[in-house]
Amino acid sequence: MAAPGENLKINGDRLWDSLMEMARIGPGIAGGNNRQTLTDEDSEGRHLFARWCEDAGLSMSVDDMGNMFMRRQGSEPDLDPVYVGSHLDTQPTGGKYDGVLGVLSGLELIRTMNDLGIKTRRPIVVTNWTNEEGTRFAPAMLASGVFAGMHERDWAYDRTDAKGKKFGDELARIGWKGDEPVGDRNIHAFFELHIEQGPILEAEGKDIGVVTHGQGLWWLQITLTGKESHTGSTPMPMRKNAGLGMARITELVHTIAMSHQPMAVGAIGHADVYPNSRNVIPGKTVFTVDFRSPDREILDGMKARLEAEAPEIAKELGLEIAIEVAGHFDPVTFDEKCVTAVRNAADRLGYSHRDLISGAGHDACWINRVAPTAMVMCPCVDGLSHNEAEDISKEWATAGADVLFHAVVETAEIVS
């Protein structure tokens, strides 16, 4: 396959302007974004992306999970396309780059190909995957998971948000439920650009992260049930304090993760306390444990230890406990050929780089199950993400998009 010349680069100013314009949709309260999946703001962002893609000469298809596919034709249109993309939805207090950079960099590489008159044998498809974040409708990476056969579509349609609204109903409401059956596509290769969401690249002064593996994940939702009672008049030995149980299990989660350093992490993320009143001992807590590791044996071992020891904590405190799986995927090894294309692109362009293991889940983790896949990462300031203060530089974004451009175009095979 012919490789693009090292002088071929994307338009960094145009990419940055697109990022800033998209960030005007669903602004947060502290400089970031709140464009949660299947909200009116999500729909508005989709319409803007669709208009930009139409202006770039791309044809749009939408499947029945709301995944958007923007196609640039190849010289041999029957060949399986090279896919590139990420997600446009954000956390409630999300940044301007998480996910969005990968989608708009895919658009930018198409714009650059148009500017330079580059044609490829294989079609190229820029993709926006629905509900990557999973903050409104759990689990994360929901639509790419259905695409890859990891979840049933109707099960996904029945996921509810905090107000009881169903995913399927909200998808139809905002007008982005397509006719194409989900998963009814062949993919030659998939590439995803993302901010690192960690501190390594910035700390080491590297331009590019070449992602070789992704951590596996267990999300476990724990419900502790005790007895609501007055904080002032209930003797300490007679309390059934669900809040205390959550605190002790939080410490257990930390202890378990620390026992597997440096290959594991664990924390309590989401938590609800009932009745959440200052003078009532909590009678119920519902919280989510997040365990991650690139080693499947370690990952499963952490889950097993929690499931063995958390009930003992509950028993000691007189609490009832229920543990259920809220999300899971096994550790990921990305495709060697696609990873090499990313690494070679960074070398060709003169960008410093290092191999990385992704600590976060991404749509690429599911798509890797059905097609050769790789990821490119760029630094982010202080490793901060899922926060409105999330920040990157134009230079970092440009470098990541340049590497993405070269890896995608080389894989799609230049013909002119």
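Q: What counts as an aromatic pair, and how many are there here?

A: Rings of Phe, Tyr and Trp (for Trp, its six-membered ring) pair if their centres lie within 6.5 Å; planes under 30 degrees apart are stacked, over 60 edge-to-face, and the rest tilted. By this rule you get eight aromatic pairs. One of them is Phe 69 with Trp 129, which is edge-to-face, at 5.7 Å centre to centre and 85° between the planes.

Q: Before we go on, what sort of model is this, and how are residues numbered?

A: It's a predicted model: local features need pLDDT of at least 70, side-chain atom pairs count only at pLDDT 80 or more, and totals for chains, interfaces and linings use all residues. Residues are numbered from 1 along each chain as its sequence is written, and side-chain values use heavy atoms, leaving out hydrogens and water.

Q: Where do Phe 69 and Trp 129 sit in the chain?

A: Helices (H or I, at least four residues) and strands (E, at least two) are DSSP runs, numbered from the N terminus. Phe 69 is in strand E2 (residues 68–72), while Trp 129 is in the loop between strand E4 (124–128) and helix H4 (142–147), 60 residues apart.

Q: Is Trp 129 buried or exposed?

A: Buried means under 20% relative accessible area, exposed over 50%, and partly exposed in between (1.4 Å probe, protein chains only). Trp 129 has 0%, so it's buried. Phe 69, at 1%, counts as buried too.

Q: Which residue in helix H4 pairs with Trp 129?

A: That's Phe 147: the pair is edge-to-face, 5.2 Å centre to centre with 75° between the planes. Trp 129 is in the loop between E4 and H4 and Phe 147 in helix H4, so their pair ties together parts 18 residues apart in sequence. Phe 69, Tyr 83, Trp 129, Phe 147 and Phe 190 form one aromatic cluster.

Q: How do I read the packing of helices H3 and H12?

A: Two packed helices are described by the angle between their axes and the distance between the axes. Axes are lines fitted to C-alpha atoms, for helices over the stretch in contact, and angles run from 0 to 180 degrees between N-to-C directions. Here the axes of H3 (residues 100–116) and H12 (residues 394–412) come within 9 Å and cross at roughly 60°.

Q: Which residues make that contact?

A: Contact means heavy atoms within 4.5 Å. Among them are Leu 101, Leu 109 and Met 113 of H3, and Ala 397, Phe 405 and Val 409 of H12.
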